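Trainee: I would like to learn how to read a few features of a fold. Could we go through them together?
Mentor: Gladly; let us look at the model first.

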Amino acid sequence: MMKTKLKGVAIGAGYFSRFQYEAWTRIPEVEITAICNSNLERAKSIMEPYNIKNHYSDYKEMILKEKPDFVDIITPPETHFEMCKFAADHGVDIICQKPLAPTIEESQKIVDYVSKKGVRFVVHENFRFQPWHREIKKIINEGDIGDLFSLNFRSRMGDGWGDDAYLSRQPYFRDYKKLLIYETGVHFIDTFRYHAGEVESVYAILKRLNPVIKGEDSGLMILNFENKSHAIWDANRFNENNFKKQRYTFGEYLIDGSEGSVRLYSDGKITVQKLGESEKNHHYIHNDVGFAGDCCYIFQRDFIDKLISGDAFETSGDNYLKTLKAQEAVYKSAEINAPVIL
């Protein structure tokens, strides 16, 4: 029998963390008892609305004193190895924010270390948990459009034009030497894997459109899958979507198969069009709560369910390394201007 509540602690109080703290308040099996952040004022701005009682400026002290069941690491990637190592050494299960680490080698090191210590580990990769992507997976699995041919997603995020690009929300993006794929494209690699299976080869063209930043902000990424389907992600952070909320679905999606097509619209609407028939609305539930259809809550709910049941996490360390290897191949392909086989 499960004890009354699972005790969680969290490290970090940045822009995105609020979506995660808010989602924890809606999961009755969990109590987040403490937050670690060096800036007390910023920590208080999270503690008060989300009813977190304790603040620490040292995550090691927090883990030792609170003795949590799990830690939610919501910090920049260069901090992750040491934090994961300490938590694993003390038998604490781990949710680690993406990007998992600055390099594929360090990501592998984290996964190897935590698995050796036998703690449960998952990467907070929430795009595949957006309600439309869960629903599209069901449609594919039920065979409604037959065998997959192609997956085509177009993203225009519109937050990266002008001299003040990214300053209001995530200013550190301006200094990333790798931006579009490392920060956003990785979500789509993972979602395409969720829908189509394992990647066999990639080809990519990457560009920088805004000279005030250091990394790429535009790209065409083509993934070929073992099942002979392919995916195209046509994206830039410079130009704008014509839908009022550019960060709801992050764009439009067309999936073609041997018996028809599925379309995702910017407002979350899904349609199915069988060959020889007209396009029909597909009813499902999605809510404009939190971030991108409440995907932080859906991911965190799934984490707790699987922590309790012992089932494998979808974005476990080993699984997520497959996404990161494809990401690495995308950068390699853009560098050599040729396909890269995984």
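Trainee: Which residue is the bridge partner of valine 9 in S2?
Mentor: Two strands pair if DSSP finds at least two bridges between them, and strands (E, at least two residues) and helices (H or I, at least four) are DSSP runs numbered from the N terminus. Here the partner of valine 9 in S2 is alanine 34, and alanine 10 stands opposite isoleucine 35. Strand S1 (residues 6-11) and strand S2 (residues 30-36) run parallel, joined by six bridges.
Mentor: A word on the source: this is a predicted model, where local features need pLDDT of at least 70, side-chain atom pairs count only at pLDDT 80 or more, and totals for chains, interfaces and linings use all residues. Residues are numbered from 1 along each chain as its sequence is written, and side-chain values use heavy atoms, with hydrogens and water left out.

Trainee: Are S1 and S2 mostly covered or uncovered?
Mentor: Buried means under 20% relative accessible area, exposed over 50%, and partly exposed in between (1.4 Å probe, protein chains only). Five of the six residues of S1 are buried, as are six of the seven in S2. For contrast, take leucine 206 in strand S8 (residues 199-207): it has 22% relative accessibility, so it counts as partly exposed.

Trainee: How many aromatic pairs does a search of the whole structure find?
Mentor: Rings of Phe, Tyr and Trp (its six-membered ring) pair if their centres lie within 6.5 Å; planes under 30 degrees apart count as stacked, over 60 as edge-to-face and the rest as tilted. The search finds 24 pairs. One of them is the tilted pair of phenylalanine 127 and phenylalanine 291, with 6.2 Å between centres and 50° between planes.

Trainee: Why does that pair tie together parts that are 164 residues apart in sequence?
Mentor: Phenylalanine 127 lies in the loop between strand S6 (121-124) and helix H6 (131-141), and phenylalanine 291 in the loop between strand S14 (280-282) and helix H8 (295-309), so the pair joins parts 164 residues apart in sequence. Phenylalanine 127 is buried at 2% relative accessibility, and phenylalanine 291 is buried at 7%.
Mentor: Now compare phenylalanine 153 and tyrosine 253: their ring centres are 5.0 Å apart and their planes at 50°, so this pair is tilted. Phenylalanine 153 is in strand S7 (residues 148-156) and tyrosine 253 in strand S11 (residues 252-257), so the pair ties together parts 100 residues apart in sequence. Both residues are buried. Ring pairs link a cluster that includes Phe127, Phe153, Tyr253 and Phe291.

Trainee: Which charged end sits over the ring of tyrosine 265?
Mentor: A charge sits over a ring if NZ of Lys or CZ of Arg is within 6 Å of the ring centre and within 35 degrees of the ring normal. Lysine 269 is the one over tyrosine 265, 4.7 Å from the ring centre. Arginine 120 lies over the face of phenylalanine 313, at 4.3 Å from the centre of that ring.
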